[in-house]
Amino acid sequence: MNPSRILLASHGTPGARAAEAAALALARQAGAALHQLVVVPDLWKGMLGDDWLNNAVTHIRFGGYVESQLGREIAQHIRDFEAQTIAEGLAYDHEIRQGKPVECLLATLKESGTFDLVVIGSPRPLGVPGLRSRLDLETLARRLTVRLLIVPHPES
């Protein structure tokens with residue numbers, strides 16, 4: 001496997017970090033460029049605490065807080081990963097999308113048309129705490145036109 005341009009779908013969870021490590025190793029070995037796609041699942045839009053917020057002003061402020069916190073966490077994650085790619089001397093760029101993970105990944109592939117490998121982490125094993133973003137692997141595999149590497153979760 002000698003990819004020249006790798007699309008890495010990643011978002012900072014332990015499973016995604018395993019995918020990042022694998023993508024870095026592949027990019028280093030092949031001299032490939034890395035493009036990191038961070039998808040903010042659209043499920044976050046519904047997490048505004050409606051059940052306990054009792055007026056519109058509080059609702060809007062809390063929504064702003066959630067969005068700014070997510071933004072800070074994503075920016076830090078991107079800076080950290082970019083530092084790793086710089087240390088490796090690899091070509092790197094990134095993008096952030098909001099929506100359904102499979103649809104965002106496929107849209108990035110379609111718009112670019114230059115990737116020859118997609119790297120993702122495997123689903124989190126049952127019993128391991130954390131958010132499930134609900135990436136539909138079956139739909140992704142059926143619709144992909146490039147190779148897909150699913151990296152095992154570190155707690156598998």
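This is a predicted model: local features need pLDDT of at least 70, side-chain atom pairs count only at pLDDT 80 or more; totals for chains, interfaces and linings use all residues.
Me: Why is Thr108 called buried?
Reply: Buried means under 20% relative accessible area. Thr108 has 2% relative accessibility, so Thr108 counts as buried. Its place is in helix H3. Beyond its neighbours within four places in sequence, Thr108 is in contact with Leu7, His35, Leu37, Glu95, Arg97 and Phe115.

Me: Which other residues of H3 are buried, and what covers them?
Reply: Besides Thr108, the buried residues of H3 are Pro101, Val102, Cys104, Leu105, Leu106 and Leu109. The cover over the buried residues of H3 includes S1, S2, S3, S4 and H4.

Me: Why is Pro123 called partly exposed?
Reply: The class lies between the cut-offs of 20% for buried and 50% for exposed. Pro123 has 47% relative accessibility, so Pro123 counts as partly exposed. Pro123 lies in the loop between S4 and helix H4 (137-143).

Me: What is Pro123 in contact with, leaving aside its neighbours within four places in sequence?
Reply: Pro123 is in contact with Leu137 and His153. His153 is 30 residues from Pro123 along the chain, while their C-alpha atoms are separated by 7.0 Å.

Me: In what order do the strands form the open sheet?
Reply: The five strands stand in the order S3-S2-S1-S4-S5, with parallel pairing. From one strand to the next the twist averages 20°.

Me: What makes S3 and S5 edge strands?
Reply: Strand S3 (92-99) and strand S5 (147-151) each pair on one side only, and these are the edge strands.

Me: How do you know that S4 and S5 pair?
Reply: Pairing requires at least two bridges between the strands. Five bridges join S4 to S5, so the two strands pair, and they run parallel. Leu117 stands opposite Arg147 in S5.

Me: Where does helix H3 pack?
Reply: Helix H3 (residues 101-112) packs on the sheet and touches S1, S2, S3 and S4. The direction of H3 makes about 135° with that of S3.

Me: Which residues touch the most other members of the largest nonpolar core?
Reply: Ile6, Leu34 and Val119 do, in a core of 23 residues. Two or more residues each come from strand S1 (5-9), helix H1 (14-30), strand S2 (33-41), helix H2 (56-88) and strand S4 (117-121). H1 gives the largest share of this core, seven residues. Another core, of 14 residues, lies apart from it, with Leu7, Leu105, Phe115 and Ile120 among its members.

Me: Which residues is Ile6 in contact with, leaving aside its neighbours within four places in sequence?
Reply: Ile6 is in contact with Ala23, Leu26, Ala27, Ala32, Ala33, Leu34, His35, Phe115, Leu117 and Val119.

Definitions and conventions
Residues are numbered from 1 along each chain as its sequence is written. Side-chain values use heavy atoms; hydrogens and water are left out. A nonpolar core is a set of buried Ala, Val, Leu, Ile, Met, Phe, Trp, Tyr and Cys residues joined through side-chain atoms within 4.5 Å. Buried means under 20% relative accessible area, exposed over 50%, partly exposed in between (1.4 Å probe, protein chains only). Helices (H or I, at least four residues) and strands (E, at least two) are DSSP runs, numbered from the N terminus. Contact means heavy atoms within 4.5 Å. Axes are lines fitted to C-alpha atoms, for helices over the stretch in contact, and angles run from 0 to 180 degrees between N-to-C directions.
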